Amino acid sequence: GLLRQKYPFLGDGHVRSSELDNELVHSNGKAYIWLIMFVSRSFDLTSVESFAIVSLFFGIPFIYLSLMIGRDISTDRLSRVSVSVLLVSSGILQLYAGYVEVYPPLPVLILLFVWLGLKAKNSPLHRHAAILLGLGGLMIHPLGSITILPALFLMWRYDVQHRPGTIRFIFLGILGAGVVVALTEGSIEKIVSVLLPVLPTDDKPYGMITFQNLSERLNGVILAAPALLPILILSGFRVIDTGRLYVLILAGSGLAGLFAFDFVLGSLDWDLMSLMSFPLTIMVALAIPVLPKQTRSSIAIPACVIGLLNTVPWIWINATDASIRRLEDITMGEQTSYFESHNTAVRVALAFRKEEMPQEAISVLKRAAQKDPTNLDLQYNLAAIASENYDFETTIPAARAVLRREPWHLEAYKLLRGGLIKLQKKDEIDTLLAQHSE
């Protein structure tokens, strides 16, 4: 069906489904994974089916909250439709089309926090619910921590700021004590460990303030929410509404995380790019109703069209065989060499292999090996996958290419010898045995 991934290629679908099959609970999103496991066991579903069903389920409150926010902050139909469409088509809806990952609860959490915060001034119940939700976001997923600062701001503005100095002092003292505890318990070190270095290091050839990193993350924003930057520019940045400071703080937290967190795949981590830029989209969408009437339609309508044109084909691609070509495009066609520690062609080929598509895997590795014939990882994986599928004419030259560079490579030797035996090339077998007799 359309609302599921045909192949769990885009994202870490294979990793997550394998973890579930082996009853492994990832350190991020534990509660969500337990829910997936419960669904899988209760209804005797595969891991991929369970992820798909639960992601669709979380899509219902996501769309509902998008509609509610559009209704609550708008006074005319154009604004209501524009706000809701921008929120839905912000690179997030794809997570609810059967996507295999642990992220679906996060956008719901963020939208619910924003919706409750809109009512914070006049409703203590909504305000306190927003604060509790914002402070507890970290328990859903580490990326949920972007709601902590705006939650603290809501608490300060409505519950502390107008209080006597003693109350304000106690509040600040509690915050200071929390920072001290975090320092002593190693929390700061853990946070630093997931951040990019400011400048490149030997281990990480991309730094936080390097052009490579900035361009890669900006590319991620354009990929996830292509209407975002045009709205900001065409509106002269008037969509930055200081009347909702907690939304600005939320957007700032997302923007800081977008450029600072060590997402090793860069813009290839499109789901993470979408999540971290989502608060920026919320900020822009909430400001649409306050734009001047004469410019509102000229900005909102094209933005909605761009968002929909970005979202619908993406879901279609993910649900059809087109995801095969898309996998190669986003992985092997990546221009900045941002992710340098793994060979992208091997990554693609192994994904094909797991989906029992060996010819596609072999084809990918052949093309990559032609471009880089000295890469032993490419040649070895080509030999191994070809041998699994009885394509010994491909196995033999690939295994030989490995042995020319590393004569001691035992697995390549076994692949070459096995291929020669299968093709009954006795003379070449004797030559191989003589060369490696020692």
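This is a predicted model: local features need pLDDT of at least 70, side-chain atom pairs count only at pLDDT 80 or more; totals for chains, interfaces and linings use all residues.
In this structure, I69 touches V83, L87, L111, V114, W115, L118 and L286, residues up to four places away in sequence being left out; contact here means heavy atoms within 4.5 Å. Residues are numbered from 1 along each chain as its sequence is written, and side-chain values use heavy atoms, without hydrogens and water.

I69 and I282 touch the most other members of the largest nonpolar core, which has 78 residues. Such a core is a set of buried Ala, Val, Leu, Ile, Met, Phe, Trp, Tyr and Cys residues joined through side-chain atoms within 4.5 Å; buried means under 20% relative accessible area with a 1.4 Å probe, protein chains only. Helix α14, residues 270-287, gives the most to this core, with 12 residues. Helices are DSSP runs of H or I, at least four residues, numbered from the N terminus.

The buried residues of α4 are S79, S82, V83, S84, V85, L86, L87 and V88. At the start of α4, a side-chain oxygen of D76 comes to within 3.3 Å of the backbone nitrogen of L78.

Where is S74 found? S74 sits in the loop between α3 (47-73) and α4. S74 is buried, its relative accessible area being 10%. A polar atom of the S74 side chain lies 2.8 Å from the backbone oxygen of G70, and one lies 3.4 Å from the backbone nitrogen of R80. S74 also touches S79, R80, V83 and P289, again leaving out residues up to four places away in sequence.

Note on methods:
Buried means under 20% relative accessible area, exposed over 50%, partly exposed in between (1.4 Å probe, protein chains only). Helices (H or I, at least four residues) and strands (E, at least two) are DSSP runs, numbered from the N terminus. A polar contact is a pair of N or O atoms within 3.5 Å; within protein, one must be able to donate a hydrogen and the other to accept it, and residues adjacent in sequence count only if both atoms are side-chain atoms.
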